[in-house]
Amino acid sequence: MSGANIYVTRAIPEEAKSLLRGVAQISIWDNEDAVPREELLKGVVGVQGIFCTISDVIDKEVLDSAGSDLRIVATMSVGKDHIDLIECSRRGVYVANTSDIAADSAADLAVALVLMATRRVIEGVDAVRKGQWEGWKPTWLCGTSLMNKTLGILGFGRVGFGIARRLKPFGIHKVIYNDIQEVEYALDFAEFVSFDELLAHSDILCICCSLTSLTRNMFTKSEFKKMKNSAVLINTSRGPIVNHVDLTEALKEGDIASAGLDVTDPEPLPVDHPLTSLPNCVILPHMGTSTIEARKHMAMNTAKNIVAMVSTNQS
Ligand SMILES: O=C(O)[C@H](O)CO
């Protein structure tokens, strides 16, 4: 074992802890709930590595507290928007994420949201629970079919591609996407379009891009106005990409038909937030990567990233 010290901000699987213990001393906030800020600031003092999650804001204050020995911030997530990347780069601190690991779980959940939002599944479940099921009616709880629809993907990475691949067999007529640039692997599978074309032509629009200064607040009133009244918006990426006041308005006014959100702004979304009471909005508590397999894999991958860095520094 080297003299390295690692701070782990959450309870993680035993295998990941053992891997880290093979190369470093670890101190850990051994809890399912997020580490309080004060504890985090104390815990990171003098460490070479931080193992964190999306709930831990790793900003200048945390980096200052860690000090000049810090070599790596490894996050057990794909998203890195909770980490001050510029500050890390300025200090030569390497930032690692779990980019390949959880895309299948995330794409599966996005498909679940698409089906829930298009087929009004939560309204149906609620009707049964509330005793409002009066029998079969020709137009009651009619949703929309996926057959012959245009699927729009914003951010055609592993998750976006995964959603398109899963939904095509439902009879999707066309997949269109927008990203920073055209991607080679889209080939004949999906057509690159401008953001405005994506808004105008998507029957189902899935947000799969990262949260950056360019994508923050990307969906506001004017974007909803450009979408079809029958469109379904799915967000499994990060909440702040969508302006929630404007989304509430758009759903109430019928600018779009429905939304399925696995991410919100803020998280957790207060139970009395206007979006929670809209029948045409399905909200899940950020569970895109919540499969036993993905979470174990993510924890191991994060530990391996730290081990690789610590081992490299030793040799
Ligand atoms: O960024 C990620 O990996 C998810 O949002 C949380 O698991």
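Reader: Where is Asn217 placed?

Author: Asn217 sits in the loop between strand 9 and helix 9 (221-226). Helices (H or I, at least four residues) and strands (E, at least two) are DSSP runs, numbered from the N terminus. Please keep in mind that this is a predicted model, in which local features need pLDDT of at least 70, side-chain atom pairs count only at pLDDT 80 or more, and totals for chains, interfaces and linings use all residues. Residues are numbered from 1 along each chain as its sequence is written, and side-chain values use heavy atoms, with hydrogens and water left out.

Reader: Why does Asn217 count as partly exposed?

Author: Buried means under 20% relative accessible area, exposed over 50%, and partly exposed in between (1.4 Å probe, protein chains only). Asn217 has 39% relative accessibility, so it counts as partly exposed.

Reader: And why does Asn148 count as exposed?

Author: Asn148 reaches 57% relative accessibility, and therefore counts as exposed. Asn148 is in the loop between helix 6 (121-129) and strand 6.

Reader: What makes the phi of Asn148 worth a remark?

Author: Most residues other than glycine have a negative phi. Asn148 is not a glycine, yet its phi is positive, about 65°. Asn217, also a residue other than glycine, has a positive phi near 60°.

Reader: What joins Asp265 and Pro266?

Author: A cis peptide bond, with omega about 5°. Another cis peptide bond joins Glu267 and Pro268, with omega about -5°. Pro266 is in the loop between strand 11 (258-261) and strand 12 (281-283), and Pro268 lies in the loop between strand 11 and strand 12 too. In general, most peptide bonds are trans.

Reader: Which residues surround the ligand?

Author: They are Ser77, Val78, Gly79, Arg238, His286, Thr289 and Met298. To count as near, a residue needs one heavy atom within 4 Å of the molecule.
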